[in-house]
Protein chains: 2
Amino acid sequence: MLRIGVDVGGTFIKAGVVDESYTILHKVSVPTGGDAAYDAVVQHIAHAAELAAQAGGIAVREVASVGIGIPGLLNPRTGVVVSAPNLRGWQDVPFLDTIQKLLPVPVRVGNDANCAVVGETLVGAAKGCENVVMLTLGTGVGGGIVAGGRLFVGGEGLGAELGHTILKWGGETCGCGMQGCTEAYCSVTALVKQTRRAMEADPASAMHEYARQAGLVDGRTAFECSKLGDKAAIEVVENYCGYLANAIGSLVTVFRPDVVLIGGGLSNQREYLMDKLNALLPKYVFAASIIGVPPILRATLGNDAGTIGAAFLDRM
Amino acid sequence: MLRIGVDVGGTFIKAGVVDESYTILHKVSVPTGGDAAYDAVVQHIAHAAELAAQAGGIAVREVASVGIGIPGLLNPRTGVVVSAPNLRGWQDVPFLDTIQKLLPVPVRVGNDANCAVVGETLVGAAKGCENVVMLTLGTGVGGGIVAGGRLFVGGEGLGAELGHTILKWGGETCGCGMQGCTEAYCSVTALVKQTRRAMEADPASAMHEYARQAGLVDGRTAFECSKLGDKAAIEVVENYCGYLANAIGSLVTVFRPDVVLIGGGLSNQREYLMDKLNALLPKYVFAASIIGVPPILRATLGNDAGTIGAAFLDRM
């Protein structure tokens, strides 16, 4: 039977009709309108599900269920969203109750990064794995964990916030207000900050010309210039990969996954990034020389991971 | 029916006969002889179980099972001990197979810190909790996790090595060879190092006289002198508690336990330590102002936690 998966982002809501073989048959994207009132945004989400159904020539009541990934902290069992920084006023809102009234089939909800790891484990880069750690590198760092074949979300479903574990005691201030979080070193936002600092320190770096032509400094600046041999860019990339490999190393020491997945925009650096991380990882994993380390792979489903995972949250 | 629990340490093997209400009825302690050959140490362990039974006036074959906690990295399912630094030559040894041949009832094995969290959750400070994180502060930092009412050990049972997650990127070298591990800041060994440094920097500190009278610098030196108002000692304790609270904060962010337990010798500082940690914790937990933080409590079973937990490993 068909299902609908919805991936709610700060800017767009993506919804898709997904079949039992985890293929997205039809998909739509509508603006989130994240600045609107809570009720209005919930209606946008329900509407996205309806549009996806329409795109497939069916009605929502004809699918088995709707699964929704939310960019925030939520209890997947009660469906209460405790906090969602990109959606105005979403603090302690009974999201599942609210949206269930608007949709005629059972609704499930989950954190967006958790939906992504479910999708990748069901049909993506970690297909068939029992233990998976996934980091999604973007504006922030999202985390998802599959342990023993089940989605691991911690007590009350509020854990697995892998972007906000300590990487450097007393280090950089994170967007969350704490110091030294993984996100403050490993997000694309952090990489851009590291890139800007290196550019300021080296006016002769090729990164200046690259950024001028691109019209901005972004997550590509240092990576692309490092490929061209620019010394300052190479240093930025080396440091960044060291931070990220160390953060991954600690997760491996705790979870011992079969595979570590990297998702988000930066994963487009493909082997250039993965080769560096895989080379560094043994340095940062406890007893690596004795028990080895898992491979770090690029997530393969891209944006679809969240939609597929949301639709099949109950499979893990 | 009775069971036998065995807690293997680097120096002593403790064994006890435990009843269904988790009470240790009889206990014995024998030297580990950790420098002896593998087969000899395994025989010491089997002998400790036999002595415990004898102390209770029974034979090993009259108990339901024997559970054994090992200070090392092991796969609890296969019973292979991958590494146990305090037991000479214990690398990739088929411990469960070897000892099962010496004992006439079913044997189970687990990591010692994991046995401790099982004991504390069944009958100690975390009794009745579904989600528990426990740190045992001693020569090293041992970790145990109960998640969703089950012992969490990671893939192949080799995870949950909470002493070797990153606390400070590029920081102090740890005994394991990595840099900046939690153990390198939060073990009693690390505290002693921090204490010595502060004493060297401040010849007028009351810690010098305290250590002279005690005959050594140990985990008590800074704590006891801080209670007397010694400035250098207060600074050592404040820094140490900051490290530990930050390490705990990251574990809370990932596992969202109902309670965090502190075991090991340093937990004898009781409320003096727990009050400081509980006061600091919200600073280091993601979204603490919204979702709160769990209490940090002193483990209450002491050395018995490992024996009881080993005997009842199958309960979690």
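Just after helix 7 of chain A, A:Gly229 takes a positive phi of about 90°. The model is predicted.

**Helix 7 of chain A**

Helix 7 covers residues 219-227 of chain A. Is it enclosed or open? Seven of its nine residues are buried, so the rest of the structure largely encloses helix 7. Those buried residues are A:Gly219, A:Arg220, A:Thr221, A:Ala222, A:Phe223, A:Cys225 and A:Ser226. What lies over them? The cover includes helix 5 (188-201), helix 6 (206-214), helix 8 and helix 9 of chain A.

Helix 9 of chain A spans residues 270-280 and holds A:Leu273. A residue counts as buried if 20 or more other C-beta atoms lie within 10 Å of its own. A:Leu273 has 21 within that distance, so A:Leu273 is buried. In sequence, A:Leu273 and A:Phe223 are 50 residues apart. In space, their C-alpha atoms are 8.7 Å apart. A:Phe223 is itself one of the buried residues of helix 7.

**Where chain A touches chain B**

How many residues does each chain bring to the contact? Chain A gives 35 residues, and chain B gives 35 residues.

By class, the side of chain A has 19 nonpolar, eleven polar and five charged residues.

**How the two chains are related**

The same surface serves both copies: 100% of the contact residues of chain A recur in chain B.

**Two crossing helices in chain B**

Helix 3 (residues 112-123) and helix 11 (residues 304-311) of chain B have axes that come within 6 Å. The axes cross at roughly 85°. That makes helix 3 of chain B roughly perpendicular to helix 11 of chain B. Residues from helix 3 that take part include B:Asp112, B:Cys115 and B:Leu122. On helix 11, the partners include B:Asp304, B:Ile308 and B:Ala310. By class, this contact has nine nonpolar, three polar and three charged residues.

Terms used:
Residues are numbered from 1 along each chain as its sequence is written. Chains are lettered from A and ligands numbered from 1 in the order in which they are written. This is a predicted model: local features need pLDDT of at least 70, side-chain atom pairs count only at pLDDT 80 or more; totals for chains, interfaces and linings use all residues. Axes are lines fitted to C-alpha atoms, for helices over the stretch in contact, and angles run from 0 to 180 degrees between N-to-C directions. Helices (H or I, at least four residues) and strands (E, at least two) are DSSP runs, numbered from the N terminus. Angles under 35 degrees count as roughly parallel, over 145 as roughly antiparallel, 65 to 115 as roughly perpendicular and the rest as oblique. Two residues are in contact if their C-beta atoms, placed from the backbone, lie within 7 Å. Ala, Val, Leu, Ile, Met, Phe, Trp, Tyr, Cys and Pro count as nonpolar, Asp, Glu, Lys and Arg as charged, and the others, Gly among them, as polar. A residue is buried if 20 or more other C-beta atoms lie within 10 Å of its own, exposed if 12 or fewer, and partly exposed in between; C-beta atoms are placed from the backbone.
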